[in-house]
Structures are given as structure tokens and as C-alpha cells.
Amino acid sequence: MTPSVVWSSVSGRRLFAVLLVLLVAAGSALGDARAASEPDASKAAATPDGARYDVTLRSDADGGHWTGRQRVSFRNASDRPLREVYLRLWGNGEDGCGGPGAPSPVRVSHVRGGTPAAPSVHCTALRIDLPEPLARGDRTTVTFDLSLTVPERNARFGREGAHRFLGNALPVLAVHDAKGWHLDPYAAVGESFYALTSDFRVRLDHPSALKVPATGVTRTRPGDPGRVVTHSLAQRVRDFAWAAGPFRTATDTTPGGVRVRSYWAAGTPDAGVRLNRTEAAAALDRFGREFGRYPYGEIDLVMTGGFGGGMEYPGLVLLGTTEEGSAVVHEVAHQWWYGIVGNDEYASPWLDESFAQYANARFYGWDTRDCWSEVHWPDDGTELTASMDYWSRHRGEYHLVYTAGPCALADLERTLGARTMARLLERYARDHWFGVSTTADFKAAAQSLTDQDLGPFWESHRIR
């Protein structure tokens with residue numbers, strides 16, 4: 001994710017300064033759920049895993065309301081019997097449980113394969129008790145009716161003019177690991193998301209006047225009169241997002257063979273659209289060489305002139321676009337840092353945001369030697385590796401994840417040497433490909449490539 005800023009590929013210092021003063025601070029109050037500490041996936045299996053989502057939804061005339069059915073099949077990967085699962089209804093994060101005449105945007109009903117409890121964590125979590133304990137290695141299925149109403153706000157799950165954005169709209173399984181169930185509250189400043197890779201097969205029935213970019217490889221087939229059906233298949237992804245509206249479209253293919261499908265709203269600056277298409281293609285191939293080949297085949301760029309900042313999803317990014325482009329390179333970098341190399345975004349937001357911003361700086365060749373001049377720690381206790389529990393209570397400091405984080409990684413590159421840093425990133429990505437990483441994992445990977453004790457480095461850079 002990126003804040004609502006005007007990005008420039010010319011000056012790294014300018015970007016860091018802008019980030020300091022223009023970061024959007026918005027968010028709901030924290031719920032009563034505990035903040036899970038960073039999990040150690042190497043010591044206990046995260047579960048449920050191997051999830052398969054089958055979704056069939058039909059929209060109204062403008063794509064603002066979708067109804068249908070969702071089926072979730074999953075396996076128990078843990079040693080203990082699985083007696084319940086949780087669905088995360090992240091689309092309710094801003095509105096919570098709603099009120100009279102204003103129900104929650106995401107509503108689940110008619111659950112089969114389990115018994116639902118009352119929604120919790122401000123209606124962003126739904127516990128489903130299984131009819132009998134699920135043993136290690138066994139699979140089961142839960143199905144339910146689903147209703148999605150796109151909120152009246154310009155946001156990742158929201159709308160701008162005639163265009164609808166459905167980021168974090170589909171319910172997804174919560175994760176249970178050595179720390180228990182991860183039922184952290186929604187964070188509008190940054191992300192709370194933590195999911196294992198899954199497969200999605202999604203059927204979206206909508207008016208033919210609407211273009212529907214979506215996660216995965218898509219194709220469109222005729223439907224009822226005046227309607228079409230967009231089919232999408234996405235494998236090994238952590239979430240599924242789509243948009244709907246009267247978009248203009250274009251398709252490019254990178255030299256490395258990745259299809260870039262661009263969608264933009266009327267009124268989006270033409271120069272910005274062209275720049276986004278060019279830089280996205282270049283970033284996909286470059287990051288593929290540096291971190292490992294992009295595995296999804298295609299990516300959708302969804303651009304408007306009024307969307308704030310940017311937001312990443314597997315195979316799809318939302319981009320607020322000006323004449324100077326957008327945060328497209330940063331959002332493309334997220335395809336690796338969180339999308340492919342996963343992390344608990346609530347416990348360790350630096351592991352995806354700082355890494356994506358460091359990749360962004362590398363792409364543009366920014367001079368990072370004096371980037372610390374833009375960083376001001378509020379006190380000695382502030383840590384780069386703090387969780388969203390901390391950043392949500394200190395919203396004015398969250399910019400440090402975007403500024404101090406890439407500065408620290410640039411310093412690590414100077415400490416290890418450019419060639420060793422390149423080896424580190426490639427090996428770290430490979431070792432956690434489609435998995436989940438922690439700060440401890442990254443520190444261990446870096447230490448394994450040098451005889452120098454990196455303990456003082458981590459301490460001085462507040463990576464703890």
C-alpha cells in the first residue's frame with residue numbers, strides 16, 4: 001500500500017520528504033481482539049492450508065452490489081484437531097457491524113458445513129464451528145451465501161464515480177499457528193492482512209457495459225441478454241480482488257512474457273497511464289530477475305485520477321494516477337513482498353512495505369546515502385519492526401516504515417556489498433516462495449552470508 005502522495009521517479013529525497021508530510025491518517029478504532037505477536041511458522045504449522053475458494057457472484061446494474069455463493073475447501077495442516085475456523089470479513093473494517101438501515105457491507109448467511117457464531121472483532125471475524133474435529137491432513141468444506149455492497153467511499157473497498165473497487169471484499173480464512181488464531185483488528189492506515197496462499201476460481205456475472213479486471217487469469221463469455229460472465233482462475237495467491245466500471249483498456253506484454261492489462265477511467269491523465277504501463281512492464285521483468293520470476297502470468301493495472309495512493313493485490317493493483325504516473329513500481333514490488341513472500345502484515349508491516357519501497361528505490365536508482373536526513377525517530381523506544389498495534393496508536397509515525405525501512409535496507413546493502421545483498425534477496429525470496437517469513441527469518445538469512453556480526457547493525461537500525 002502507498003499513501004496519497006504525488007510520486008516522482010526523479011528524486012528519492014523528494015519522495016521521502018513528501019511521504020513524511022502527506023501520509024494519510026485514517027482508520028477505525030482498535031477492537032477488543034488481542035494483537036497477535038509475530039508467528040514463527042518454522043516451529044508450528046500454519047493452518048488451515050491448501051484452501052480452494054469457488055465463488056459465483058452476480059452484480060446489479062452498476063457493479064455496486066454482488067450476491068451469490070462461496071465455497072471454501074481446506075485442509076488441517078496442524079498436529080491438533082481443528083474444531084473451528086474463522087472467516088475474515090475485512091470489507092467490514094471501516095463500517096463494523098453497521099446500524100439500523102445500514103448493514104455491514106459484507107454479509108454471510110446460510111452457512112453449511114459448520115455452525116456460525118455471532119460475528120466478532122467489529123464484524124470482521126466470523127467463527128464457524130465444524131461438525132466434528134478435523135484431523136491432521138483431512139479436508140472439509142464450508143459453503144455460504146454472500147452479499148457484498150460496495151461502500152460509498154473512495155477506498156480499496158469503495159467507489160469513485162462510476163467505478164467500483166472490491167479489494168478485501170471476499171471472506172478469506174484466518175490463520176492459526178503457534179500463536180493461536182490471528183484475529184487482529186482492521187487497520188485503515190496500513191494493513192492487517194495475513195493469509196496463506198490459496199487457489200481461487202471465481203465467476204462474476206455482470207452487465208456487458210462494465211469491464212471487470214480481476215486477480216488471476218481471466219476470460220469473458222456471453223451471459224444473459226445484456227450481460228457477460230468474467231471467469232477468473234488464480235493459483236497460489238493470498239487474496240482475490242476485482243473492480244468494475246466503464247474502463248478503457250489496453251494490453252501489453254513484457255519482454256519477459258508477462259501480460260500487463262491496463263484499465264483506466266475516463267479523465268485519468270494520458271501521460272500518467274502511459275508511464276504506468278511502461279514502468280510496470282519494466283519493473284515486472286527486473287524484479288523477476290532479482291527476486292524470482294513472476295509466477296502469475298499477468299497483472300491488471302486499475303487506474304483512476306482520484307483514487308488515493310495505491311493498493312496491491314495478487315495480480316492486480318489499484319493506482320491513483322497523475323500526469324507524473326503513480327506508485328506503480330512500489331505496488332508491483334508488493335507482488336513479491338507479501339504476495340509471494342508472505343508475512344503477517346499486522347505483526348510485521350515493515351517486511352512488505354519497507355521491502356517494496358527499497359525495491360522501488362533500487363528501480364529508480366535513488367541515491368540513498370543521505371536518506372536518514374529525512375528520518376526522525378520520535379523516541380528511543382520506537383522500533384522499525386513495530387506492529388500495526390503500535391502504528392495505529394501512533395499514526396503520525398507510520399511513515400517510518402516507508403522511510404527508515406528502505407534506508408535501513410540500503411545500509412545493509414552497503415554493509416554486505418551489492419553482490420551479497422543481491423544474493424540475499426534472491427535466496428530469501430526462494431526460501432520463502434509462497435510461504436510466510438518473519439523478521440527473525442530475514443535476519444538469519446542475512447547473517448548466513450557474512451562473517452561479520454550483524455547484531456549491532458540490527459540494534460542501531462531498530463530491527464529487533
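# Briefing on cavities, cores, strands and disulfides

The model is a predicted one, and it holds five cavities of 30 Å³ or more.

**Second largest cavity**

- E1, E10 and strand E13 (198-207) are the elements that give two or more residues to the lining of the second largest cavity.
- E1 supplies the largest share of this lining, with four residues.
- Sorted by class, the lining of the second largest cavity has eleven nonpolar, three polar and three charged residues.

**Largest cavity**

- The largest cavity holds about 170 Å³ of space.
- Its lining is formed by 19 residues, of which Phe193, Arg238, Asp239, Tyr338 and Glu345 lie nearest the centre.
- At least two residues of the lining of the largest cavity come from each of E10 and strand E20 (310-313), and E20 gives the most, with three residues.
- By class, the lining of the largest cavity comprises ten nonpolar, four polar and five charged residues.

**Second largest pocket**

- The volume of the second largest pocket is about 180 Å³.
- Of the 14 residues that line the second largest pocket, Ala46, Asp49, Leu196, Gly435 and Val436 lie nearest its centre.
- Nine nonpolar, three polar and two charged residues make up the lining of the second largest pocket.

**Nonpolar cores**

- The largest nonpolar core has 133 residues, of which Phe74, Leu148, Trp242 and Phe287 touch the most other members.
- Helix H6 gives the most to this core, with ten residues.
- Another core, of five residues, lies apart from the largest one and has Ala46, Val175, Tyr194 and Leu196 among its members.
- In soluble globular proteins, nonpolar side chains tend to be buried together.

- Strand E8 (residues 157-160) pairs with E9 in the antiparallel sense over four bridges, with Gly158 opposite Phe165 in E9.
- The hairpin of E8 and E9 has two residues between the strands, and Gly161 in this hairpin takes a positive phi near 60 degrees.
- E9 is also joined by three bridges to strand E16 (residues 242-244), and these strands run antiparallel.
- Phe165 stands opposite Ala243 in E16.

**Disulfides**

- The count comes to two disulfides, and with the bonded cysteines numbered in sequence order the pairing is 1-2, 3-4.
- The sulfur atoms of Cys97 and Cys123 are 2.0 Å apart and form a disulfide.
- The link of Cys97 and Cys123 is right-handed, with 105 degrees about the S-S bond.
- This pair links distant parts of the chain, 26 residues apart: Cys97 is in the loop between strand E3 (82-88) and strand E4 (106-112), and Cys123 is in the loop between strand E5 (115-116) and strand E6 (125-134).
- Cys97 is partly exposed, with a relative accessible area of 45%, whereas Cys123 counts as buried because its relative accessibility of 9% is under 20%.
- Cys371 and Cys407 are joined by a disulfide with an S to S distance of 2.0 Å.
- This pair, too, links distant parts of the chain, 36 residues apart: Cys371 is in the loop between helix H4 (350-364) and helix H5 (388-393), and Cys407 is in helix H6 (residues 400-416).
- Cys371 and Cys407 are both buried.

**Backbone features**

- Thr47 and Pro48 are joined by a cis peptide bond with an omega of about -10 degrees, and Pro48 is placed in the loop between helix H1 (12-22) and strand E1 (49-59).
- Asn168 is not a glycine, yet it has a positive phi of about 60 degrees.
- Asn168 is in the loop between E9 and strand E10 (172-173), and it counts as buried at 3% relative accessibility.
- Arg462, also not a glycine, has a positive phi of about 60 degrees.
- Arg462 is found in the segment after helix H9 (455-460) and counts as buried at 12% relative accessibility.

Technical notes: Residues are numbered from 1 along each chain as its sequence is written. This is a predicted model: local features need pLDDT of at least 70, side-chain atom pairs count only at pLDDT 80 or more; totals for chains, interfaces and linings use all residues. Side-chain values use heavy atoms; hydrogens and water are left out. On a 1 Å grid over the protein atoms alone, a cavity is a set of points where a 1.4 Å probe fits but cannot get out, and a pocket is an open set with protein on both sides within 12 Å along at least five of seven lines; lining residues have an atom within 4 Å of a point. Grid points are joined across faces, edges and corners, and a volume is the space filled by probe spheres set on the points. Ala, Val, Leu, Ile, Met, Phe, Trp, Tyr, Cys and Pro count as nonpolar, Asp, Glu, Lys and Arg as charged, and the others, Gly among them, as polar. A disulfide is a pair of cysteine sulfur atoms within 2.5 Å. Buried means under 20% relative accessible area, exposed over 50%, partly exposed in between (1.4 Å probe, protein chains only). Two strands pair if DSSP finds at least two bridges between them. A nonpolar core is a set of buried Ala, Val, Leu, Ile, Met, Phe, Trp, Tyr and Cys residues joined through side-chain atoms within 4.5 Å.
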